Amino acid sequence: MPRLTRIAAALLIAGTFALPSAQALDLKNLSPDVAPCNDFYEFVNGRWDAATPLPDGRARIGSFIDLRIANDAILQQGLDELIAKPALQTSPGLKVVAAFYASGMDLAAIEAGGLKALRPLLAQIAALRGPADLPVALAALNRVQVAAPLNAYVWHDPKDTRRHALIFAQAGLGLPDREDYFKSDAVSLRLQTAYRSYAKTLLAAAGLPAEAADIEALMAFETRLAEASRTRVKLREPNANYNPFDAKALAAAAPGFDWAAYLAAYTGRPEGVARFIMGQPEFAQRLGELATDAAPAVWRSYLSLRLLDASAARLPKVFADAHFTYHGAAIAGLKAPAPRSEDVIVSIGGRTGSAPVGLALGELFVAKAFPAEAQARSLQLVADIKAAMRSRIEGLAWMSAPTKQRALAKLDAMALKIGAPERWPDYAGLQLTADDYAGNALRASAWQSAQRLADLDRPVDRSRWTTSPHIVNAFAGGLNEIIFPAGILQPPFFDARADDAVNYGGIGMVIGHEITHHFDDRGRQYDSVGNLADWWTPEDAAAYQARAAQVAALYSGYEPLPGQRINGQQMLGENISDIAGMPIAFEGLQRALARSGARDKVDGYTPEQRFFLSNALIWRTKMRNELLINQLRTGQHSPPKYRVLGPMSNLPAFAQAFACKPGDAMVAAEPIRVW
């Protein structure tokens, strides 16, 4: 168990934080005019939805967002304290994050700095005159984590998780999805217009060519990249996106671009690397074609735009406003920006907490908001839910004994990361200042890239955390692990003093979901140590795929907005994890109830009913149509309402809990069971 338990206990004694009070379920918004067996999401959340307006600065609101806002408020207070009292900056991480946050809040310094932080890279791009200049220019952008057009990173080798590998993947498109370059529906046309305007504004503000012809040349260039880009469904096929190469082999497969020179420039090693993985070779081939076919002026515009887009939110007002107009208003439907402090915190930590200095935010958050009691009780939930998963695997009628044994071995080997890491990064060599927001981001990205490139000479460290503990999310890591940051181990998802039904319906369902990810249509292709390896008999694999197809068909039938359906194949992994995660969380609750004997009604509801009420409440969400459409087109998760309707209608225990009858909308005629 991580040392966090002792750290948190010490903080509790010191009075740094207080345990949350017990949280009752929010039942005041139940809709008496909606039958639970007809639409359980509306029964629980419909009245709230009707009565709750969306603030101009929010693209969505609800349980997840409310908790993120609360966590951000804790961080904002802590960051303000660090800046006001530098003596509190007692670790390298706290020093780094204080400087970064201060620079993001100093609007005057941002205006005064202009494009100074970007000038060296913009000058390098401006000097590009032909194919021979491209490798160094692309490598320079990749080293500050600007994917133009490749995304380059170091990660554990998917087929040998003992070692690291250099991995390249398709990237570099300005529109939300490759399909947006080819469609002519109203949404795509609106996005194309917004993107053209955005590109023109950024380039013109930077003093670069931005006439109509320049923008159309850019769109044509990106369209060629989009043509060679795989769809989001195709990107979900692990083996198809694992293609080992060396520089010589890739030069033969994707001529026109000097891959050896690029590898040397990116890695900082004259010899490059002997082996790397190119996720999508046809995209590399298109890059090679563009290296020779596209005019240098178009390359200069494209690379400059990608750098400006990546930095715009941290640049003077003309750039930041354009970034909001495109990314915030056009794509997400926002009417006004979010509070500045929240934007800066997201900029530092990233959406998933994996940004270069994101863990420094986690260090601050854990010291404020993660009691030891929360960690201890959450471990019990995990144990119950894993035991329920084991029981379900053992009882599968369609799976043979050999495959069951391997599935159980994988479940037993699954590692758990709860709360926060045992140690924090020391950020050696990283220097940030309080007056250079854009420069801080570039330096932090370059520092992280250098750290990861150094990993090529090191074994994989399975104890490493790559997400910050302040994040309101959970993850199924690629090393057969599940990760629950302290940020989500808070009410309403988890309350160390709430009754079991509330916790198993909240965070318990999330635990079940993340465990199942290692057994979803992608996760099932990895073994007990996280290697991409086939451990299934052909018959069992076919039986699984038939059940997965049922899930895809179910969700493809949902139409959240007229003409906008869920893509059952694109979101299959998440939907399988919901369909299978809910029953194992429910069975985990039964284990807890058998242990405690606490089966009394609370607020008039049985423990089983409270489980489902709690689950529907954590998915309470209201979002703008623009964001919903973007999620349906580009996302991996179904909209929250269908994360309630799909799993519950396919779980007989739900029908039993609320006395639903065959024919009711919440009762599937033939319930789907994957695990």
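## Helix H6 and its cover

The buried residues of helix H6 (residues 119–126) are Leu-121, Leu-122 and Ile-125. Buried means under 20% relative accessible area, exposed means over 50%, and partly exposed lies in between (1.4 Å probe, protein chains only). Helices (H or I, at least four residues) and strands (E, at least two) are DSSP runs, numbered from the N terminus. The three residues cover an arc of only 100 degrees around the axis, so they sit on the same side of H6. The arc is that of the directions from the helix axis to the C-beta atoms. An α-helix has 3.6 residues a turn, so residues three or four places apart point the same way.

The cover over the buried residues of H6 includes helix H7 (134–143), helix H13 (296–311) and helix H19 (437–454). Contact means heavy atoms within 4.5 Å.

## Basis of the model

This is a predicted model: local features need pLDDT of at least 70, side-chain atom pairs count only at pLDDT 80 or more, and totals for chains, interfaces and linings use all residues. Residues are numbered from 1 along each chain as its sequence is written, and side-chain values use heavy atoms, with hydrogens and water left out.

## Nonpolar cores

A nonpolar core is a set of buried Ala, Val, Leu, Ile, Met, Phe, Trp, Tyr and Cys residues joined through side-chain atoms within 4.5 Å. The largest core holds 211 residues. Phe-40, Tyr-262, Leu-303, Phe-612 and Trp-675 touch the most other members. Helix H23 gives this core its largest share, 11 residues. Apart from it lies another core, of six residues, including Ile-167, Tyr-242, Ile-277 and Tyr-526. In soluble globular proteins, nonpolar side chains tend to be buried together.

What does Leu-303 contact, leaving aside its neighbours within four places in sequence? The partners are Ile-125, Leu-128, Leu-134, Ala-137, Leu-138, Leu-141 and Ala-148. One of them, Ile-125, is also a buried residue of H6.

## The disulfide

A search of the whole structure finds one disulfide, defined as a pair of cysteine sulfur atoms within 2.5 Å. Cys-37 is joined to Cys-660, with an S to S distance of 2.0 Å. The link is left-handed, at -85 degrees about the S-S bond. Distant parts of the chain are tied here: Cys-37 lies in the loop between H1 and H2, Cys-660 in the segment after helix H27 (652–657), 623 residues apart. Cys-37 counts as buried because its relative accessibility is 11%. Cys-660 is buried too, with a relative accessible area of 12%.

## Salt bridges

The whole structure contains 42 salt bridges. Each is a side-chain nitrogen of Lys or Arg within 4 Å of a carboxyl oxygen of Asp or Glu. Arg-620 pairs with Asp-26, the closest N and O atoms being 3.0 Å apart. This pair links distant parts of the chain, 594 residues apart: Arg-620 is in the loop between helix H24 (607–618) and strand E9 (621–623), Asp-26 in the loop between helix H1 (4–14) and helix H2 (40–51). Arg-620 is buried at 7% relative accessibility, whereas Asp-26 is partly exposed at 24%.

Arg-595 and Asp-384 meet at 2.8 Å, N to O. Arg-595 is in helix H23 (residues 572–596) and Asp-384 in helix H17 (residues 372–394), 211 residues apart. Asp-384 is buried, with a relative accessible area of 5%. Arg-599 bridges to Glu-608 at 3.0 Å between the closest N and O atoms. Here Arg-599 is partly exposed at 42%, while Glu-608 is buried at 16%. Salt bridges also form a network that links Asp-157, Asp-160, Arg-162, Arg-163 and Arg-275.

## The four-stranded sheet

Four strands form an open sheet with mixed pairing, in the order E2-E3-E5-E4. Two strands pair if DSSP finds at least two bridges between them. Strand E2 (150–157) and strand E4 (244–245) are the edge strands, each pairing on one side only. E4 and strand E5 (residues 276–278) run antiparallel and are joined by two bridges. Phe-245 stands opposite Phe-276 in E5.

## Around Asp-180

Asp-180 lies in the loop between strand E3 (160–170) and helix H8 (186–205). Is Asp-180 buried or exposed? It is buried, with a relative accessible area of 1%. Leaving aside neighbours within four places in sequence, Asp-180 is in contact with Leu-175, Ser-188, Leu-191, Gln-192 and Arg-633. The C-alpha atoms of Asp-180 and Gln-192 are separated by 7.4 Å, with the residues 12 apart along the chain.
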